[in-house]
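Here's a quick tour of the fold, chain by chain. Have the structure open and follow along.

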Amino acid sequence: MNTLARSQSFGALIGVAVMLAVFTAIDFSGWWTRATIANVIHFAAILGFLAMGQALVIMTREIDLSVGSVYGLTGVAFITLTPDLGVTGAVIVALLIALAVGFLQGIAVVKGQLPSMIVTLGGLFTARGIIYVWTGGSVHNFSEDARADWMTRLLGGELFGIEAAILWLLVIGVVLNLMLWATPFGNRLLATGGSEDSAESRGVLTDRVKIITFMLCSVLAGFAGILTLADRPQTHVTLGELLELEAIAAAVIGGCLLTGGRGSLIGAVLGGFIVTSFRYELIALGAPSSWFITFVGIVLIVAVIFNQKLARRLGHSV
Amino acid sequence: MALAALKPLVRRHAEIGIFLIAALLVLWFSASSDGRWANFYNLASVLQVTATLGLMSLGVALVIGTGEIDISVGSTFGMGALVYLWLALRVDPALAMLAAVAVGAAIGAFNGLLITRTGTPSLIITLGSLMIFRGIAIALTEGFSFSIPYGDRSGATYWALGGGDLLGINTALVWLVVILVVLTVTLKMTPFGNRLLAVGGSASSAHSRGVRVDRIKLAAFVLSGVLAAFSGTLEAGKLGFADGSMGRLMELQAIASCVLGGCLLAGGRISLIGALVGAFVLSSIQSYLVVMGVKPQWFMLLLGIIVVAAAYGDRRLRNWSVTR
Amino acid sequence: MPDKTPLIQVKNLDLYFGAFHALKNVSVDFHSGELVGLVGDNGAGKTTLIRVLCGIHKPTSGEVWFDGRQVKEFHPKLAIDNGIETIQQSVGLCDNLSIARNFYLGREPVRRIMGIPFLDMGKMRDLSTKVIREFGLRDNVSADDEVERLSGGERQSVKIGRAVEFKNRVVIMDEPTNHLSVREREHVNELALQLKEQGLLVIYITHDIFQVHKLANRIVIMENGEKIEDALTSSMTADQLEEVIRQGGRKVEKREAV
């Protein structure tokens, strides 16, 4: 029990349990239906990618506000480039674009010695601006051929009745967890966030760690965008707007401390699950869609305060 | 050699950079737009946008001065506008303005109390309240209409609260100038201002000298909420209507103005006039794109690049000014 | 001076930072007109103890009495208002403010114009200029310069000058001679003695037992959050006291081994 309470995802686990109990109590028939659960899990999986990326960045004591725009930009690139490059080519180029955005932001943060909040705020605008200018506000669609492509089905189809996005999340989630907790890179990432000076004094190239983490975050966001569109191939210019807020909320709910060095990828995914569940339950209860934003805000504030208190109780200095 | 003599000046006044940029932009825009940008009508509208964005930026600059950040101002702006429009016809425009400002103060107090009492990062708390009040604003406008018909907008109060012009320029500018002077004097010449900057420079040092750090921060957040809501009131007074998305992304522009104006995000070093010129530069660029017939979508792209470039330029300028 | 009531009385003080037990049941008295050396190794709890006295930390349990009254609320402002001036090691000056503004931070002199309190910059400049000249800062440093420009020794001089200028009843010096030149160090030690002669309580924190033994009339030794010795300098030599510190260290090691 003690080890469980010490893990950073403890708060998120409690949150999920409480949330499920409450939803069951107030809306049993509406919540526990196959359609609702399937929808929630699908979109929670998509948000899970963004949340994990955000969690990694937060663990290095930075923040990435651009993920919503990168999600949109990569998705738009994927759809728009498919007619010219084919589905596989478009996926590769779109992910390269995401990598490039992450790389540029990482470089600006570490080499320009700028606060990541400002750099990624700029990234948020720039990437969104590129979407507007590139598409000119028009809507793009997938051809029948592209829909039937093996790559599209690999990314947006189903396997044994389970949606591809969920399987992808499981695979990538396991890989990232191994990377974070079982490789030297993961160790250096946590050290960079925990105490940059100490990490540097032990020869860790903290600049490189941060750049790689920003690239990981962007590519995860971009991949989530591609997964969304492979399933429902239609773009619009506002794709992924405000998603950065949901991703940060998910990571914070999942126990990532903004003071760096501590966090949990599983917690971040659970946080994404909580955020998405709220969206669907509010819709199911007939609340206006705008209340969702309000609720995410409240959940974010409650979660950050709760996790902070939990961390202080455990004796961390935050 | 001549440049080296400027170093002490730049060290003390980081806003010099933005003044130069503003001057160059004005020259360039005037020269290249064939009179479409530099005419009285267009400049008056640039100044009106500057006034509302500038008021918001002043509040954000004060919060940045304490080493915190307030990104909830976009929603506070929207709430201020809605409260004013809701009450102006039903009660009285002056009281409506006071109510809007009170709501802004309440949102600021909400942020400030949560941040100081729980010791949580202001970025997350104000991100949360940005979403909370945006959701509330949209929900409100889905059920009710918020507008004052043009014919009802008569009387001195409407005129003074952004609804009229003085010498052809929106009255919001007068408010901006007055508030800028008051805040600058407060910041530079009163104990409160001294303590505010001390808190941002080193909260622990300020604390050890007996400064009530939490109170100073709370006051800064309340001021920021008040200014954002008041600026929303002025915008509503000009437009006469509002929807739930009013003020969206303005929080980001306000932060951009502050960074452009040489406010250090780490706290302790801010320039109110710099933040204001930053707001002027942003609204000038926006209007230039419009009059030149460039798709407005480009503004967002440019804004992103400008923010990062400004932060980088500011950093370089500071580094240069402290080298020997 | 056992007949007088102590100016500061600390009773059974405990302080935790999260799970870390920083002060363990510390009791100690301080009287007016004393110069007390507070000695111990790094992490012994000296700085934590005086941070309670000057109101930065609130104790977890235990009592602090000042001038016969129990202190209920802990804040630096109350301590300063009560006449406790502290020269801290790491904090005390804001880099972004000028010397004059730092000097009066927290109790700025004001001139009211139409009821509005404006800073009395003239007064702030004059007094801080006088002090920085007295402490021999470089001639080209003026009261309007930002603290960022100052060297470590100059910063320390500003802090000490400020504490001396505002002296009231207690002056606490936390490692005051760090970063100072020999000449500056002698000046500071002289000042500490002068303050004591004027009837103030001076608490002088250092890890250099030999330096403070010459100065203080009483030595309090802390180790691992506990007070392990409290003796008049007339009753123990510096060598004896140093041996106490060594003993304390060994005792702790033994306990941890069990």
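Helix 6 of chain A is largely enclosed by the rest of the structure, since 16 of its 20 residues are buried. Keep in mind that this is a predicted model. The points below start with that helix and its chain, then go on to a helix in chain B and a sheet in chain C.

**Helix 6 of chain A**
- This helix covers residues 116-135, and at 1.5 Å a residue its 20 residues should span 28 Å. The C-alpha atoms at its ends are 28 Å apart, so the model agrees with that expectation.

**Chain A as a whole**
- Chain A is built from 15 helices and two strands.
- The radius of gyration of chain A is 19 Å, while the globule rule gives 20 Å for 318 residues, so chain A is as compact as a globular protein of that length.
- Along the principal axes, the C-alpha trace of chain A spans about 55 × 50 × 35 Å.
- Of its 318 residues, 52% count as buried.
- If you take the contacts in chain A with a separation of 6 or more, 77% of them come from residues 24 or more positions apart.

**Helix 7 of chain B**
- Which residues of helix 7 of chain B are buried? In this helix (residues 156-163), they are B:Leu161, B:Gly162 and B:Gly163.
- What covers them includes helix 5 (93-118), strand 2 (169-170), helix 8 (172-189) and helix 11 (213-239) of chain B.

**The sheet in chain C**
- Chain C has an open sheet of six strands in the order 6-9-10-3-11-12, and the pairing is mixed.
- Strand 6 (84-87) and strand 12 (226-232) of chain C are at the edges; each has a single partner strand, so one side of each is left without a neighbour in the sheet.
- From one strand to the next, the twist averages 15 degrees.
- Strand 3 (residues 35-39) and strand 11 (residues 218-223) of chain C run parallel and are joined by four bridges.
- What is the bridge partner of C:Leu38 in strand 11 of chain C? That partner is C:Val220.

**Helix 6 of chain C**
- Helix 6 (residues 182-197) of chain C packs on the sheet, where it touches strand 3, strand 9 (170-174) and strand 10 (201-206) of chain C. The direction of this helix makes about 150 degrees with that of strand 10 of chain C.
- C:Val182 belongs to helix 6 of chain C. Is C:Val182 buried or exposed? C:Val182 is exposed, because it has 8 other C-beta atoms within 10 Å.
- C-alpha to C-alpha, C:Val182 and C:Arg169 are 28 Å apart in space, and they are 13 residues apart in sequence.

**Chain C as a whole**
- Chain C contains eight helices and 12 strands.
- A compact globule with 258 residues would have a radius of gyration near 18 Å, and the 19 Å of chain C agrees with that.
- The C-alpha atoms of chain C fill a box of roughly 65 × 40 × 40 Å along the principal axes.
- In chain C, 42% of the 258 residues count as buried.
- Residues 24 or more positions apart make up 67% of the contacts in chain C with a separation of 6 or more.

Notes
Residues numbered from 1 in each chain as written. Chains lettered and ligands numbered in written order. Predicted model: local features only at pLDDT ≥ 70, side-chain atom pairs only at ≥ 80, totals over all residues. Buried ≥ 20, exposed ≤ 12 C-beta atoms within 10 Å, placed from the backbone. Contact = placed C-beta atoms within 7 Å. Pairing = 2+ DSSP bridges. Axes fitted to C-alpha atoms, helices over the stretch in contact; angles between N-to-C directions. Rg over C-alpha atoms; globule rule 2.2 N^0.38 Å. Expected span 1.5 Å × (residues − 1).
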